[in-house]
Amino acid sequence: MKSLCFSWRRAILVLCLASVLGLPLSRAMAQYTPATAAFDNSPVCSDSDLHRDTDLARGNPEWKPVNGLTVDPQHLAVHDEPVILEGVVIHPPGNESPTDQSTAEVAEEDIPWNHYTHDFTFKVAPDLPFQYLLSSWARYPGQTFPGLNADQCSLLGGTYNGTTCVLKAPEVCPDGSMGDTCHHSDMEVEWENASAMKINDDDDRTWGGLPEFAWPAPGDRVWVVGRWIFDCGHPGTDTGEKAYVKFGTEIHPPRAVAAIRVNHTGLSSLGANFTESWLPVTGAPTINIFGKPSSDPTHVPITEADVFVSGNGGGANDLCALTATDRDNNCQFRNTDMDHPNGHTNPVIPVNDRNYVFDIYPPGTNYGALLNNSTFLVQPPSPYASLQWRVVDQSAQVPAHVCNSDVTIPCTPIEPIFCLVDESTPPPDPTTNQADTNCPTLVSQQAKRLRVILPFSTRNPNVYFAKSILLGWDDVPTTIPIRTFRITLHEYDVVHNDEFLFSGDWRVFVSVGGQWRYMSPLSDGYPDNNPCHGDQLTSSGDGDCFQFENTPWIVSVRDREPIHVAVGGFDSDNVDSDFCGANDDNRAKYPNGCDPFGGGDEAALVFTNDDRLGTYEFDLVSSNNYAPPAPYLVVKAPDFCIRLFFAATCDLILYAVEFHVREIVSPPVDPSFPLQIGNPHSSNYVTSATPLILTAAHRDYQGFQYRFHPQGGPLPTYASTLEFPVHWTSVDLPGTSQSVSVYDNFGNPADGPYDLQYSAETSAHQLEPRNTASVILDNTPPVATITQPTATQYVHSATLALGYTVSDGTGSGVQSSTPTMDGLAKLKDGTPVANNLAIHLLTALSLGTHTFSVNSLDNVNNAGTQSVTFSVIVTSDSIKQDIKQFLQSGAIKNIGIAISLLAKLDVAGAARDRGRCSTAANLYRAFINELQAQSGKHVDPTAAQIMILDAQYLIAHCP
């Protein structure tokens, strides 16, 4: 919608002003909003002279808020319940002509009556959940006249179809249907621009609303919050019948916009020669001496969300523009006259009545696949890819009155809250003010999108948000490469400047890949090196030429994605001189508005109103290797002709443009050498101490980005100052080598299979595609299971059979195992300790505690030891077995001696068993005395000593 529309050809001045109306509407009940609702509830859109789009009778009101208005008596600001719109900025039609309004442009026809500067407009096709914002109308059924013959029908200007005279054909809906109703397929969004353009002695960033970095372009997705209105200026029907009116709906003005660019990675809005888009997490560009990134971006696809929130709606927030203060729409009075109670209102409304919440989807999103919970299908580039983002502050571009009409009052930027969400989380509820600032619970291990919460609610009113959010996966593309281009407006020729005797004041805007720019009035080489004639666009003559080869756009896109280019603008005439800021008188009226209703102002509107330069748009496409079109002459039809001395003199705008495109090819990242596994290792089994040697293709590479990921387990998370979880770490190459070792030792890792993922990184932060090597971590030694001995007591006369098994489980396997007794590999008689060895304790082990151990080693040198401690004791019965064993072995050589010794043991044991320890001790001493006497004679000395120690044990351990 344009606030005031003027056609030179008809020489009709149209003044359109706005009105107030509240209209309850159930979103659940209505798919579209009936256009005839614009006539419900006073004040209403005018219903007179509806047969054409330029009509003074409709000049007051012009805007009708669908939700109705309330006025805060303290702030005199227009408070309307804002609505949320999500959708896509439509592409221009294939038959677009230079006279057509582009689907995204700076409007040429806005005037100072109800604007502070020119609007930026864009047309949005809403997503399905937001199509209720579109308006519908009753389809015109046509007009017929029965009973006439062909000649009679022809006299009436009708068409005879054989039976009936058709005076007006039935309407066909835009979608080709012929039902009872039709509906609009898109709606306009308007916000006064805040470019670097100087209309007068102040640029638009002083008085405008929406800075260039957040201007949407065709193909961009948008999230918009703002006032939902009917456009009362364009009824859209030539029948003049109220029932068939086609009033469209708009968001005018917004208070929040997110221009979500889904097809590129480049962001050069802060510096024409420098790209600021870098991902993944270790790829920060080197900052040069000018404070700009000087290295190429890492070629990782991103979604770029350029977000701006401000209550500065400009003239669209002026209550005078919505409700007339008198029949002449005289808005100069403010609270000084009961007849004029309203007057102008502040163009800045508070935006701290709610939070602003929206989702950003990453590359790999299928926007044509809507899931059951109204979210879009996201297809990550790999099963373990994770999301990362970067925030670029755009505060340097905000207009002076971003949050308050008084520029001396400081404004405060809001810090965003970021939430990783998965597919189980539905989109934000657009019907609430989103007071909650808590992030949803992340159910899945892999987040699929980023939720942005801007916590404006209850904050100081002087707040705003102006940032770009770059969202991408921490993965290096392997299938569709990223291509980067340097695109320049090589030449812009003013062929005919639209003036008869004077210079033209041309204001040129160009968008390349969604990056908008108000073109400098001066050629790059001005004044010394402009290779073609031309002083400045704002004072241009026929034949003037301008070149902008030194101020390129840097755009990176995934191959096969188009880069949309648009050229437009207007010839600024005298009507622009009355915008606020044009002179001290008007500037002093701010924020009370501009009221240029003098005779000279009206004459300027009639005779020196702005003219469209002519729209020219095209796509750079992969099928043509992104080659630019040939130089193109834009011819715009004359708007106005006068006859002077019998010769027709017409306004005629002709300009020619030529673009240059040069691909920026980053040096390729040569593949790394094959991974080398150091020692210890066995096949692909490694330990945390095993060096895994990464070797870059060249010594001057920076290093490697890498991680060890347990197969089937969660990603490792490394310490970082970034706001998102970082699942990669990096290592630099030593100064003297192109190889570096990494170790699977982060966070006490558990044994098992791991994927080592790594990419060589150049000094320009380019990464090779991910390499993956599988290793099995084995930090666990083998385990020996000892079956004999057990941790118990064995009598000295017993025979002990050693027994054990050794296993490495799922590890690298057992390399060796060594049993020991009391730390020795041999018994005291020289017998090697071995599995299944039968040990005769009487002669092999002494009384007391002993430790049997098994030392094992696996194939990656993990060493383990398992031990069992047991005791050798004597009982009154076991010592008798000593006699029998030594007699049998020949250590007791006389059976009579053996019988004598056994007799003493029987009597001593009986006394000991009855608890008569003193008696037993005397008897055991007698046993010892006999052994001492026979030692070396009829009893072997070693055997005698063993039995003496056993008897002493019984004396010491009674009962």
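This is a predicted model: local features need pLDDT of at least 70, side-chain atom pairs count only at pLDDT 80 or more; totals for chains, interfaces and linings use all residues.

Reader: How many helices and strands does the protein chain have?

Author: Helices (H or I, at least four residues) and strands (E, at least two) are DSSP runs, numbered from the N terminus. On that basis the protein chain has 10 helices and 56 strands.

Reader: What percentage of the residues in the protein chain is buried?

Author: Buried means under 20% relative accessible area, exposed over 50%, and partly exposed in between (1.4 Å probe, protein chains only). The protein chain has 959 residues, and the buried share is 54%.

Reader: Among contacts between residues at least 6 apart in sequence, what percentage joins residues at least 24 apart?

Author: Contact means heavy atoms within 4.5 Å. In the protein chain, the share of these contacts that joins residues at least 24 apart is 74%.

Reader: Which parts of the chain does the aromatic pair of Phe 120 and Trp 215 tie together?

Author: Rings of Phe, Tyr and Trp (its six-membered ring) pair if their centres lie within 6.5 Å; planes under 30 degrees apart are stacked, over 60 edge-to-face, and the rest tilted. The structure holds 30 aromatic pairs, and Phe 120 with Trp 215 is a stacked one, at 4.5 Å centre to centre and 20° between the planes. Both Phe 120 and Trp 215 are buried. The pair ties together parts 95 residues apart in sequence, because Phe 120 lies in strand S9 (residues 119-126) and Trp 215 in the loop between strand S16 (210-211) and strand S17 (221-231).

Reader: Is the pair of Phe 618 and Phe 659 stacked or edge-to-face?

Author: Phe 618 sits in strand S35 (residues 616-620) and Phe 659 in strand S39 (residues 653-664), 41 residues apart. Both Phe 618 and Phe 659 are buried. Their centres are 5.5 Å apart, with 70° between the planes, so by the cut-off of over 60 degrees the pair is edge-to-face.

Reader: Which residue lies over the face of Trp 553?

Author: A charge sits over a ring if NZ of Lys or CZ of Arg is within 6 Å of the ring centre and within 35 degrees of the ring normal. Lys 242 lies over the face of Phe 39, at 4.7 Å from the ring centre. Over Trp 553, at 4.0 Å from the ring centre, lies Arg 517.

Reader: Where does the side chain of Asn 862 find the backbone oxygen of Asp 778, at what distance?

Author: Asn 862 lies in the loop between strand S55 (848-858) and strand S56 (863-873). Its relative accessible area is 12%, so Asn 862 is buried. Among the residues that Asn 862 touches are Thr 687, Asp 778 and Thr 780. From a polar atom of the Asn 862 side chain to the backbone oxygen of Asp 778 is 2.6 Å.

Reader: Which side chain joins that of Thr 117 in a polar contact?

Author: A polar contact is a pair of N or O atoms within 3.5 Å; within protein, one must be able to donate a hydrogen and the other to accept it, and residues adjacent in sequence count only if both atoms are side-chain atoms. Thr 117 lies in the loop between strand S8 (104-106) and S9, and at 0% relative accessibility Thr 117 is buried. At 2.7 Å, the partner side chain is that of Asp 204.

Key: Residues are numbered from 1 along each chain as its sequence is written. Side-chain values use heavy atoms; hydrogens and water are left out. Lists of a residue's contacts leave out its neighbours within four places in sequence.
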